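Thanks for coming. I have a few points on one model today, and I will take them in turn.

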Amino acid sequence: MALMRVSSPHAHGSYSTGMVMRQVLLATVPGVFVLTLFFGFGTLINVLWACLVGLACESIALLLRGRSLAFYLKDCSALVTCVLLGIALPPYAPWWLIAVGVAASILMAKQLYGGLGYNPFNPAMVGYVVLLISFPVQMTAWAPPRGLGDVPGLWEALQACFLPARYDAVTMATPLDVLRQNQGLLLEDLWAQTPQFGRWAGIGWEWVNLAFLAGGLWLLYRRIFTWHAPVAMLASLALMATLFYDGGSSSSGGSPLFHLLSGATMFGAFFIITDPVSSAVSVRGRLVFGALIGVLVYLIRVWGNYPDAVAFAVLIANFAAPFIDHYTQPRVYGHGKSGGAG
Amino acid sequence: MRRVYGFHGGIHPAENKHQSLGSRIRGAGIPQQLILPLSQHIGAPARPIVAVDDRVLKGQMIAEPGGHVSVPLHAPTSGHISAIEERPIPHPSGFPAPCIVIDCDGEDEWAPLEGVANYRDCEATELLELIRNAGIAGMGGAGFPTAVKLAGKPGQSVKTLIINGTECEPYITADDILMRERADDIVAGIAILQHILQPQEILLGLEDNKPEAIAALQAAAAGSAIEVVTFPTKYPSGGEKQLIEILTGQQVPSGGLPGDLGIVCQNVGTAVAVRDAICDGRPLISRITTVTGNAVDSPQNFEVLLGTPMQYLLDLAGLHPERCERLVMGGPMMGFTVTTPQAPVVKTTNCILAPTAEELPPPPPAQPCIRCGLCAEACPASLLPQQLFWFAQGKEFEKLEQHNLFDCIECGACSWVCPSHIPLVQYYRASKADILQQRREHAKSEQARLRFEARQARLAQEEEEREAKRAARKAAAEKRAALAEQGGEEDPIQAAIERAKAKKAAQQAGDATAATPAKASPEAALRQKLAKSEQRLAQSITAGEDAKIVSALEATVQRLKDKLAEAEAAATETGTD
């Protein structure tokens with residue numbers, strides 16, 4: 001009987017990193033579905049192409065670093081990054097744009113820092129921001145949602161991606177753009193005069209956000225992450241929107257509901273800022289982290305130069321995470337107010 | 001119903017307790033040989049008071065306490081001491097340690113026992129002495145000498161006596177079955193502890209996953225001061241600090257002891273051992289041990305003599321060695337692997353776990369930490385295990401202490417939940433050991449520094465004293481010179497010359513008188529010289545002078561001896577001529 005010498009604990013729970021990542025992937029399905037429903041196959045092609053390029057980049061980096069391919073690819077973290085970036089990019093983006101973004105995410109933001117677990121910044125958002133700064137035209141060209149224009153079919157979508165020269169893109173300002181460029185119209189009038197607005201926010205966008213919310217709630221239910229960061233972000237965003245709602249005047253920043261259901265709000269709240277690697281660690285830290293992002297999103301959306309702000313807000317908060325960690329260490333058992341009830 | 005409190009974190013691992021609860025406690029019988037480590041408790045090892053080949057009786061003391069924090073050891077059955085030597089013992093280090101080995105004679109002959117007729121007539125100190133002499137150390141797993149724990153710090157009064165029947169570790173049922181079958185003994189033991197400590201309240205805490213034990217205890221405790229408190233099952237509620245928080249809502253201050261809050265915790269098994277020691281005079285020579293895991297056919301609880309080789313127990317339970325990949329003493333969360341089944345059952349062996357590889361698979365290779373925070377959610381001490389891991393990897397000891405590494409109770413909840421399968425607890429243990437080592441070295445170098453400084457100060461003082469003497473001499477000389485100058489205009493150089501002349505004249509006169517005998521006999525002069533040299537040599541040896549000087553003097557003496565011999569030979573030659 002050859003007996004092993006291992007240190008305790010000998011029992012383990014059933015969680016694994018790969019499992020966590022796969023559940024995150026699964027939770028994006030409703031959002032991707034609704035995006036496809038309203039904007040056509042663009043997002044789906046983005047996601048698939050990004051995954052392909054992403055796996056290639058990850059494999060090359062792992063080979064160069066002399067790591068085991070099978071072991072590290074198994075954790076699915078590269079796939080998660082690529083899917084999230086694919087969702088964030090405008091549908092019908094050209095193939096090279098996606099490839100550059102993915103390379104920036106996987107090679108620069110992730111592997112150069114040491115791979116999974118060592119990246120101080122959210123890789124998907126780094127890729128997004130690199131593209132947004134380098135190729136602003138392509139990055140701000142969003143297709144009109146179904147009902148406001150023709151939605152390209154599968155063939156056209158493939159052409160848009162892989163033969164961009166032969167494709168005439170139809171684009172339309174997003175509701176966030178419309179609101180930011182509003183000059184002099186009361187919100188009510190703007191709503192009436194602009195076709196992009198739907199019931200609470202933009203047509204299509206409100207449903208996209210609700211679908212990501214549903215996916216996020218499922219992840220919460222599965223205890224993949226805690227509620228602290230997303231709730232703090234949504235609450236602070238809603239609070240900012242309420243403070244500056246201004247009764248719907250011409251200088252209003254938009255209603256809280258509009259902000260909650262526009263752009264990348266829900267996607268960001270449940271899929272981006274919940275990336276544990278680059279966020280704050282403690283419960284209080286995550287509350288601060290989320291709240292900071294909510295405020296930054298509002299500031300950049302309403303007074304900044306970019307139509308949506310989640311990517312910048314997340315990267316800025318990533319910078320702040322170690323600082324937040326330093327000041328939000330939890331009170332350890334037996335320290336501080338002794339005798340306090342647990 | 002008493003209010004119970006929660007504590008931060010905790011996990012719900014599969015309990016796996018039912019396997020070993022199918023039958024009653026079974027006596028394990030007497031093996032051929034018992035191996036009794038001298039250190040089965042926290043503190044100084046016991047000192048043997050028997051010799052090889054001695055016959056010992058059951059219950060006879062065979063080793064005495066090795067210090068204040070220590071307990072004695074007793075023979076669990078009658079037999080002969082066959083060896084006192086190093087044997088493999090159950091210890092995380094895997095190192096062998098000194099043991100007393102008894103070859104059992106199978107007669108199980110008791111030494112005379114003397115119980116206390118009525119412990120209520122005894123002073124607390126008397127009872128504590130009896131408990132100490134019975135060799136009782138905490139039976140819950142830590143093995144701290146019970147009498148020392150009960151005595152507490154001087155001047156501290158006990159408000160709450162907590163009896164721990166939680167047994168939150170999966171698989172282990174030793175306390176559960178004890179509470180089911182010997183609730184009366186537990187209550188009797190608690191009554192003795194009550195008499196010793198005089199607490200205001202007595203709480204017997206256990207998890208709600210033990211309904212039979214709860215019923216038995218409630219029946220036994222009816223009419224006594226004991227309050228049976230149950231609370232929801234969660235690992236690690238049985239940790240002393242966690243149990244205190246659950247039952248009182250208070251937290252033991254970091255680095256402090258429960259006594260600081262007026263609380264004493266004792267395990268149910270310890271209570272029974274105390275009863276046996278006081279009422280029957282029976283020392284601690286056996287305990288209840290769970291033998292379980294899928295590698296044994298019939299998992300169950302044994303009443304087993306201390307020192308029984310684990311192999312013997314495992315065979316009784318029907319072990320399949322080919323299925324067993326690791327052998328754990330204790331539970332799957334905090335137990336440690338035993339490297340040989342020849343290791344004996346000791347006072348702290350509450351469980352021997354023989355799992356199959358499917359049951360507790362070997363740990364998969366660790367993946368990078370993704371800081372998911374599940375560990376921080378699970379940590380009962382509210383630590384940030386992911387940060388500690390980060391600092392432990394970088395050996396950032398200062399940061400580790402800042403993040404309160406030493407408040408970690410090593411319960412393993414963080415490792416259990418970790419999706420990346422990182423052996424977190426192992427990192428913390430290693431870091432703690434490194435830091436303690438560093439502290440020891442620090443203390444050592446600090447001491448060396450103090451010594452060095454003391455030496456420097458002493459040398460400086462000596463130098464100062466010498467300097468002072470020198471200065472005094474110089475001053476005296478100057479004074480003398482000044483006086484001489486004042487006394488007469490005598491030139492010191494002239495005076496010296498005069499002195500030298502006078503000396504020379506005296507010498508010449510002396511030579512003239514001494515010349516004749518010296519010329520008459522050169523041997524005599526040599527002899528004189530030799531005697532002088534020898535005297536000088538002896539002086540230098542007794543004074544401990546430099547080795548060079550001594551050897552030079554020796555050489556001189558030898559040379560003079562040779563010369564003398566030559567001269568004598570010459571003298572006899574001339575004489576005979």
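Start with strand S5 of chain B, residues 61-64, which pairs with S6(B) in the antiparallel sense over 2 bridges. Please keep in mind throughout that this is a predicted model. Which residue stands opposite B:Leu73 in S6(B)? The answer is B:Ala63. The pair belongs to an open sheet of 3 strands in chain B, in the order S3-S5-S6, with antiparallel pairing. The edges of that sheet are strand S3, at 47-48, and strand S6, at 73-74, and each of these pairs on one side only.

Next, chain A. The chain is divided into domain 1, residues 16-171, and domain 2, residues 173-327. Their C-alpha centres are 21 Å apart. The contact between them draws 32 residues from domain 1 of chain A and 29 residues from domain 2 of chain A. On the domain 1 side, the elements giving two or more residues are helix H1 (17-27), helix H2 (29-39), helix H5 (77-88) and helix H7 (123-134) of chain A. Which of them gives the most? That is H2(A), with 8 residues. By class, the side of domain 1 that touches domain 2 has 23 nonpolar, 8 polar and 1 charged residues.

The crossing of H13(A) past H15(A) is right-handed. From H13(A), the contact uses A:Pro230, A:Met233, A:Leu234 and A:Leu237, and from H15(A) it uses A:Thr265, A:Ala269 and A:Phe270. Counted by class, that gives 6 nonpolar, 1 polar and no charged residues.

Last, the contact between the chains. How many residues does each chain put in? Chain B contributes 61 residues and chain A contributes 40 residues. On the chain B side, the elements that each supply at least two residues are helix H6 (240-248), strand S16 (336-337), helix H9 (374-378), helix H10 (385-393), helix H12 (413-417) and helix H13 (424-487). The side of chain B that touches chain A has 33 nonpolar, 21 polar and 7 charged residues.

Notes
Residues are numbered from 1 along each chain as its sequence is written. Chains are lettered from A and ligands numbered from 1 in the order in which they are written. This is a predicted model: local features need pLDDT of at least 70, side-chain atom pairs count only at pLDDT 80 or more; totals for chains, interfaces and linings use all residues. Two strands pair if DSSP finds at least two bridges between them. Helices (H or I, at least four residues) and strands (E, at least two) are DSSP runs, numbered from the N terminus. Domain bounds come from an automatic or database domain assignment. Two residues are in contact if their C-beta atoms, placed from the backbone, lie within 7 Å. Ala, Val, Leu, Ile, Met, Phe, Trp, Tyr, Cys and Pro count as nonpolar, Asp, Glu, Lys and Arg as charged, and the others, Gly among them, as polar. A crossing is left-handed if the near helix is turned anticlockwise from the far one by less than a right angle, and right-handed if clockwise.
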